[in-house]
Amino acid sequence: MFKNWTLFEKAWLVVSTVIILILSILWDDTLLGTISSIAGIICVVLAAKGKIGTYVVGVVQCSTYGYIAYGYGLYGESMLNLLFYLPIQFIGFYLWFKNKKSPDEAAYGEEIYAKRLTTKQWLYTGAGILVAYISYSLFLSRIGANLAGLDGLAVVLSVVAQILMIMRYAEQWILWIVVNVITIALWAIILVQQGGNDWTVFVMWCAFLVNSIYGYINWIKISKAQGAV
């Protein structure tokens, strides 16, 4: 599993997981929050490496995080994870496995072929995001969700990023970077306003941001190695 991993990648996985575990103990975090945060770290690190196992761990992360988000009234985040992310883990596993590389073809330890969006595809993607954001934010406001504007934007960008992910486009990571910034703000506001001891979830999203930047760099290298420029 760790063949062709760099020292940084191994260290990042171990250190981020240990930090989450230590903080969960110091902050008296919930067991569910700890499990969700650790599973989330492992999931995104595997995704950045282009490893199919990301979808296996993703089932655990989506289930637990969706439940936690519901408890804080973040209905958009909850629906995103339980109604979209959870079932799409199985679809993603199938599509990545179908396009799996042989170990000899891997340039950086990845298991799949990466693709790049064209300018035309970017324009269609941007238009779709705008329409979906306006519609979904209005829906969240109608059902009384907390921070409907931020929540709605994070959800719409996450859906598009996840679709790009299962289709193996490197540009998914640009959207994940934006999603992580928004969600960090979302959890900071909600935890300060409502209290709660799920701060490891906040730390998890900070780690997600760092990982998404690295994921973009790594997937660009993978795509260039196979000529998808």
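The side chains of K101 and E110 meet in a salt bridge, 2.6 Å from N to O; the term stands for a side-chain nitrogen of Lys or Arg within 4 Å of a carboxyl oxygen of Asp or Glu. Both partners sit out of the way: K101 is buried, with a relative accessible area of 7%, and E110 counts as buried at 2%. Here, buried means under 20% relative accessible area, exposed means over 50%, and partly exposed is in between, with a 1.4 Å probe and protein chains only. Before going on, note that this is a predicted model, where local features need pLDDT of at least 70 and side-chain atom pairs count only at pLDDT 80 or more, while totals for chains, interfaces and linings use all residues. Residues are numbered from 1 along each chain as its sequence is written, and side-chain values use heavy atoms, with hydrogens and water left out.

A search of the whole structure turns up 4 salt bridges. In general, side chains of opposite charge can pair when their charged atoms come close. Take K49 and E9, whose side chains meet at 3.0 Å, N to O. This pair links distant parts of the chain, with K49 in the loop between α2 and α3 and E9 in helix α1, 40 residues apart. The helix names come from DSSP runs numbered from the N terminus (H or I, at least four residues, for helices; E, at least two, for strands). K49 counts as buried at 2% relative accessibility, and E9 does too, at 4%.

Then there's E111 with K51, another salt bridge, at 4.0 Å from N to O. E111 lies in the loop between α4 and α5 and K51 in the loop between α2 and α3, so the pair ties together parts that are 60 residues apart in sequence. K51 counts as buried at 8%, whereas E111 is partly exposed, at 22%.

Now for the inside. In soluble globular proteins, nonpolar side chains tend to be buried together. The largest nonpolar core here has 66 residues, and W187, W205 and W219 have the most contacts inside it. Such a core is a set of buried Ala, Val, Leu, Ile, Met, Phe, Trp, Tyr and Cys residues joined through side-chain atoms within 4.5 Å. Helices α1 through α8 each supply at least two of its residues, and α8 gives the most, with 11. Leaving aside neighbours within four places in sequence, W205 is in contact (heavy atoms within 4.5 Å) with several residues, including Y65, V179 and W187.

Helix α3, residues 54-71, holds Q61. Q61 counts as buried at 9% relative accessibility, and beyond its neighbours within four places in sequence, its contacts are S36, A39, G40, N81 and M204.

Helix α6 is worth a look too. Its 19 residues, 148-166, should span 27 Å at 1.5 Å a residue, and its end C-alpha atoms are 27 Å apart, which agrees; the expected span is 1.5 Å times one less than the number of residues. Of those 19 residues, 14 are buried, so α6 is largely enclosed by the rest of the structure. After α6 comes R168, whose phi is positive, near 70°.

Finally, the surface: V14, V18, I22, L26 and W27 form a nonpolar patch, with about 490 Å² of accessible area together. W27 lies in the loop between α1 and α2 and counts as partly exposed at 39% relative accessibility. Patch members have over 30% relative accessible area and no salt bridge, with like charges joined within 9 Å and nonpolar side chains (Val, Leu, Ile, Met, Phe, Trp, Tyr) within 5 Å.

Technical notes: Areas by Shrake-Rupley, 256 points an atom, 1.4 Å probe, with all protein chains shown as cover.
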